[in-house]
Amino acid sequence: MINLTYLLFALIFTSSTLYAELVKPENGSTLYHRHVFFRWEQIPDAIEYDFQITKDPLFQSDVIQISVSDIGLLDRENIEWESTYHWRVRPVFEMHSGLWTQISTFITGPSLSSATVEILQDCCQSDGITVFGAFFNYFSAAIDKNGLEIWNSGPENFVYYSTDDYGNLFGCNLMGGSENNLPGLERTFQGEILWEEPNNEFLHHDLIRLPNGNYLGIVESNSMGPIPIGPWSQSFQGLGFQADGTSIEFPWVGDKLVEWDRETKQVVWSWNTFDHFNMSDFDNIGGTWNEAYFSMHYDWTHINAIIFDEEDSSIYMSVRHLSRITKIDYPSGNIIWNLGHQMPSGDVELGNELGFSFQHSLQKLENGNLLTFDNGNLSPAFRGTDEPVSRAIEISIENGGVIEWAYELEQDLFGFASGNAQKLANGNVLITTVGGGGRSLEVDEDGQIIWQGLYNLSLPDG
């Protein structure tokens, strides 16, 4: 006599062991990347798997089939933007093939960038992915060395800042209608948010994760101060201010470094420019007081980059409007040194002749030097150039603050704001400017341009 219950169980079990479940990408999902990792469940005794993908839901035309010895496949070649794909797998055993899985479907979103590249020396460029964030239309994207857009931030208005050691992204999301409209966060390339700052204060420019797991960011701080005497004095006096250099009557906006506890998001440490910098130090030739006349607040320090050095527990910061790089001890907050343009306080001990101004980005190199992007807004005054000139500079601190390597951009690539300089694994430097519609240049140590990424955002400045 046949036990029907046992037979039914055996049939179900046998069928399930031959039938892999598809895991990633999830059925019905929308992807914003063209490098797609496919994963499915393992089937006992399978020696390999047949993988198929196509735009045809009936799998009758343009089917790509690949034999795979693992339970996953990274496809870098076959996925296009704004398309619908169907995929399935089947196990292959010693003597036969199993059943095809049910079909899983996903779509890819639209491309967001208009990036192109120029390869000037094909032998020598870094074999990597270039990720960029744009406040023009609020998006981020990634291109390969041939200019193919392989990832973008989709509809999330995400602006990229940097990448951590684990391949996750730091940046901000535009939040329209909010006073603090650019809250910072850490996320994956797939869009999963790993951490968000509490957005109690206006965070700008940078967010990093500390070795202790907490997060460090730059937020605005405020204090009242005088309107110094200058060419702008009469304009402010016309608005009813004393503008005499001593009357405390006008809002100054400085910066505060804030460390948030990873779990509670409570502030556990902070460092305020108003507590450590002298208000006699300010930009008097770069137009910041003219801007203050229209905005009704003075953008005093404008810190735009921070890095943490675990080797000696210190923080480096780029203070744009003081044309200064500052190193502080953590957690005491004591200033170790100021580097750059000397001001009335006399607090800048190093590199007074370097001539950098309104700089962005910081990277500490293996040799202990600092790499930064000198926007050069004040280079006619500081360096005697005919026009403002941007450059990447490598600074030796051990030698008292001297430039050991520099690359000057052409005049049409002058970047009045933003920008970056990054030493790559192959020894070249990637220099990014808003000039020329937004551009990254990979330059070797001899100053030869190896590769250019042209973001084509807007002219003259991207």
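This short talk walks through one predicted protein model, from its overall build to a few single residues.

Two notes on method. The model is predicted, so local features need pLDDT of at least 70 and side-chain atom pairs count only at pLDDT 80 or more, while totals for chains, interfaces and linings use all residues. Residues are numbered from 1 along each chain as its sequence is written, and side-chain values use heavy atoms, with hydrogens and water left out.

Let's start with the whole chain. It holds five helices and 33 strands. Both are DSSP runs numbered from the N terminus: helices are H or I, at least four residues, and strands are E, at least two. The C-alpha trace spans about 105 × 50 × 45 Å along its principal axes. Of the 462 residues, 50% count as buried. Buried means under 20% relative accessible area, exposed means over 50%, and partly exposed is in between, using a 1.4 Å probe and protein chains only.

Now contacts, meaning heavy atoms within 4.5 Å. Take those between residues at least 6 apart in sequence: 52% of them join residues at least 24 apart.

On to charge. Lys and Arg count as positive, Asp and Glu as negative; His and the chain ends are not counted. The chain has 21 positive and 64 negative charges. Side chains of opposite charge can pair when their charged atoms come close. A salt bridge here is a side-chain nitrogen of Lys or Arg within 4 Å of a carboxyl oxygen of Asp or Glu. How many salt bridges does that rule give? The count comes to 16.

Here are some of them. Arg187 pairs with Glu156, with the closest N and O atoms 2.9 Å apart. Arg187 sits in strand β15, Glu156 in the loop between β12 and β13, and 31 residues separate them. Arg187 is buried, at 3% relative accessibility. Glu156 is partly exposed, at 35%.

Next, Asp281 and Arg324. Their closest N and O atoms are 3.0 Å apart. This pair also links distant parts of the chain, 43 residues apart: Asp281 is in the loop between α3 and α4, Arg324 in strand β24. Are these two buried or exposed? Both Asp281 and Arg324 are buried.

Then Glu311 and Lys364, at 3.8 Å, N to O. They are 53 residues apart in the chain. Glu311 counts as exposed because its relative accessibility is 70%. There is a network too: salt bridges link Asp164, Glu186 and Arg209.

Now a charge without a partner. Asp444 lies in the loop between β32 and β33. Asp444 is buried yet has no salt bridge. Which side chain of opposite charge is nearest? That is Lys423, 10 Å away. A polar atom of the Asp444 side chain does lie 2.8 Å from the backbone nitrogen of Gln448. Beyond its neighbours within four places in sequence, Asp444 is in contact with Trp405, Asn428 and Ile450.

Last, the backbone. Most residues other than glycine have a negative phi, and most peptide bonds are trans. Here are some exceptions. A cis bond joins Lys24 and Pro25, with omega about -5 degrees. The bond from Leu459 to Pro460 is cis as well, with omega near 0 degrees. Phe59 has a positive phi, near 55 degrees. Phe59 is buried, at 10% relative accessible area. Phe358 also has a positive phi, about 55 degrees. Phe358 counts as buried, at 3% relative accessibility.

Note on methods
Charge placed at Lys NZ, Arg CZ, Asp CG, Glu CD. Polar contact = N/O pair within 3.5 Å; in protein donor to acceptor, adjacent residues only side chain to side chain.
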